[in-house]
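This note sets out points for a colleague who has the coordinates open. The points follow in numbered order.

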Amino acid sequence: LEMIRRGDLVDRSRVRYAIALAREGKVDMICCALPSDEQVQAARADGKEIIYSMHHPLLEHLYLGKILMSDFIVRNYEDVAEKFCNWGIQYVFTGHEHGNDVAKFVGKNGNTVYDVLTTSLSSYPLEYRTVTYSKSGVTLEMNSIDECDFSLLKDGYTQAQLDLMAADYNAYAYGYFRYSIEEKILKYTSPDFIKGKLKAET
C-alpha cells in the first residue's frame, strides 16, 4: 500500500480493481506493485523466463498518446520500461485501448522491451492473439471470430441489436466501434480538452 500512496510504478487500474476486491472481502492482501529486484533475480536463478501482463499499456501506441491519452498509459511509463529493460523482461502484454499494436522501448543498457497491445473479443475487430515461444524466438499471430452464441449474452440487448449481430457480427461490431471512436475524437480534439491536458503536462 505504501507504493500506492507514493504512486510508484503502479498500474492504476490494477490498484482500483485490487482495492475493490479487498473491500468486497474477496482477497486478503493487495499486491499491485511491480516485482521486486529480489523476485526477478530469484526467477532468473530458477531458470524462469519472465513475461509480464497488465491492463494499461506500458508504452505509447498512438501519436501524442502521453499527452492526449495519459490515463491510458502506465504512470511514469519510461521509468517502468527502463526497469523492465534492466530486468531483461522482453514482453509485456497489455490491453485497455482495444487495439492491436506492438510498441518497443530500448533501455540505456541496450535491452528492448515490447509492449504487446491486444484488443478485446467484446469489440471490433473481434480478435485475439496467440503467442508461440520457442528457442528461435517469439511468434505473435492475430486470430478473429465471426460468430457468437448470442444465448450467452446478458439481458439488455434489443431484438433489433440481436438481429443485426446474427446477420453480420463483424459489421455490427464495426458500427459500434466506429460510433465510439467518433465520440472519442470529438472529445479528445475539443479545444477545452487539449488545453486542459497541455496545462496538466506543464
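1. Which residue of β6 stands opposite Tyr 128? In this predicted model, the residue facing Tyr 128 is Asn 143 of β6. The two strands concerned, β5 (residues 127-134) and β6 (residues 137-144), run antiparallel and are joined by eight bridges. Two residues lie between β5 and β6, and the strands form a hairpin.

2. A further antiparallel pairing involves β3 (residues 101-106) and β4 (residues 112-117), with six bridges between them. Val 106 has Thr 112 of β4 as its bridge partner. The hairpin of β3 and β4 has five residues between its strands, and within this hairpin Gly 110 adopts a positive phi near 90°.

3. As to the overall arrangement, the protein contains eight helices and six strands. Read from the N terminus, the order of elements is α-α-α-β-α-α-β-β-β-β-β-α-α-α. Of its 202 residues, 31% count as buried. Among contacts with a separation of 6 or more, 50% are between residues 24 or more positions apart.

4. Is Leu 117 buried or exposed? Its relative accessibility is 2%, so Leu 117 counts as buried. Leaving aside residues up to four places away in sequence, Leu 117 touches Pro 57, His 61, Thr 94, Gly 95, Glu 97, Gly 99, Asn 100, Asp 101 and Arg 129. The C-alpha atom of Leu 117 is separated by 9.3 Å from that of Leu 59, a residue 58 positions away along the chain.

5. Aromatic pairs come to a count of seven. Tyr 91 and Tyr 114 make up one that is stacked, with 5.7 Å from centre to centre and 20° between the planes. Why does this pair tie together parts that are 23 residues apart in sequence? Tyr 91 lies in strand β2 (residues 91-94) whereas Tyr 114 lies in strand β4, so the pair ties together parts with that separation of 23 residues. Tyr 91 is buried, with a relative accessible area of 15%; Tyr 114 is partly exposed, with a relative accessible area of 27%.

6. The pair of Phe 150 and Tyr 169 has its ring centres 5.6 Å apart and its planes at 80°, so it is edge-to-face. This pair also links distant parts of the chain: Phe 150 is in the loop between β6 and α6 (159-167), and Tyr 169, 19 residues apart from it, is in helix α7 (residues 169-188). Phe 150 counts as partly exposed at 22% relative accessibility. Tyr 169, at 13% relative accessibility, counts as buried.

7. An aromatic cluster is formed by Tyr 52, Phe 84 and Trp 87.

8. How many salt bridges does a search of the whole structure find? The search finds two. One joins the side chains of Glu 182 and Arg 178, with an N to O distance of 3.0 Å. Glu 182 and Arg 178 are four residues apart in helix α7, so about one helical turn separates them. Glu 182 is partly exposed, with a relative accessible area of 37%, and Arg 178 is likewise partly exposed, with a relative accessible area of 45%.

9. The side chains of Lys 48 and Asp 46 also meet in a salt bridge, at 3.9 Å from N to O. The cut-off for a salt bridge is 4 Å, so a pair at this distance is counted. Lys 48 is partly exposed, with a relative accessible area of 47%. Asp 46 has a relative accessible area of 53% and is exposed, because the boundary is set at over 50%.

Technical notes
Residues numbered from 1 in each chain as written. Predicted model: local features only at pLDDT ≥ 70, side-chain atom pairs only at ≥ 80, totals over all residues. Heavy atoms only, no water. Pairing = 2+ DSSP bridges. Buried < 20%, exposed > 50% of the residue type's maximum accessible area, 1.4 Å probe, protein only. Contact = heavy atoms within 4.5 Å. Phe/Tyr/Trp six-rings, centres within 6.5 Å; stacked < 30°, edge-to-face > 60°.
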